[in-house]
Amino acid sequence: MNTTSYDMTGSVGLMGADNRPRRVAGQSPAPAPGRAPRLPAARTQTSRREEILVELREAIVTGRLQAGEQLKQDDIAERYGSSPGPVREALRQLVSEGLAEHHPNRGSFVSYVSTEEMLEVFLPIRVAAENYAFRKISHDLDDQLMLALEEQIAEMEVGAAAGDMAAVIEADVRFHALAVHAAGSVHVSQLWESVLSRIRVLLYRLAPQHGTLGEIVAEHRLLYGALQSGNATLIRTVVECHILGSSSTLLVSEWTSIEGKPAP
């Protein structure tokens, strides 16, 4: 087995401004003897853009900003004490992630991903990427990776016991991010990341419909066990059941309760 080091400590689900989970091998080296530590750089337009982007993204993902709400550039700039430039750039990034839509002469609005789009587009993309990733890493299991995955399940358990939905969801995201990036395919990672923000929206949208948060933990225990088995057929079955089965059932339930008719 390999022994690559994986460090997933951090905040806000480890999502940086580029929406990529941070992966760190070891700690940063200490300053050389006799040299002062580097001081933080002065705040730049880029850092202000990142601050605005991260906070708006998390507000949309977690539902604090609802689908259809307008993202008014002037209001956002005033709230953050920013010039219009960083706000415009943050809004463009949100549009590229599918979290916002821009309409000429009207402005930017929080996007809504329909049940049909989730079932027929985004979830199949996720299944394709994760089927590949989990099968790939099962061929030569990495001790440190397995430990890191186990740590995320433990974080889910702690969150579930405390009734902390956000903690469970973010550990869920980190679990899958670790597996996808460990597969070592730039294309698969990019494909997965292209739908990540919308998948996080779905997780926050559907988590309250689970009977208990412990159900989410149990699903990841099954996935972890399938990975340990190295059985490609079992891995595919569990991945598809975890992503398509649970989400599809909850989405159909949500659609039926809202629309009063069968899901598409």
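I started with Glu-157, which counts as partly exposed at 36% relative accessibility (buried is under 20% relative accessible area, exposed over 50%, partly exposed in between, with a 1.4 Å probe and protein chains only). Arg-221 is partly exposed too, at 31%.

Background for my notes: this is a predicted model, where local features need pLDDT of at least 70 and side-chain atom pairs count only at pLDDT 80 or more, while totals for chains, interfaces and linings use all residues. Residues are numbered from 1 along each chain as its sequence is written, and side-chain values use heavy atoms, leaving out hydrogens and water.

Next I looked up the link between those two. The side chains of Glu-157 and Arg-221 meet in a salt bridge at 3.3 Å, N to O (a side-chain nitrogen of Lys or Arg within 4 Å of a carboxyl oxygen of Asp or Glu). Glu-157 sits in helix 5 (residues 143–162) and Arg-221 in helix 8 (residues 214–229), so the pair, 64 residues apart, links distant parts of the chain (helices are DSSP runs of H or I, at least four residues, numbered from the N terminus).I then checked the whole structure and got nine salt bridges. Another one joins Arg-126 and Glu-130 at 2.7 Å, N to O. They are four residues apart in helix 4, about one helical turn, and both are buried.

Note on methods:
Helices (H or I, at least four residues) and strands (E, at least two) are DSSP runs, numbered from the N terminus.
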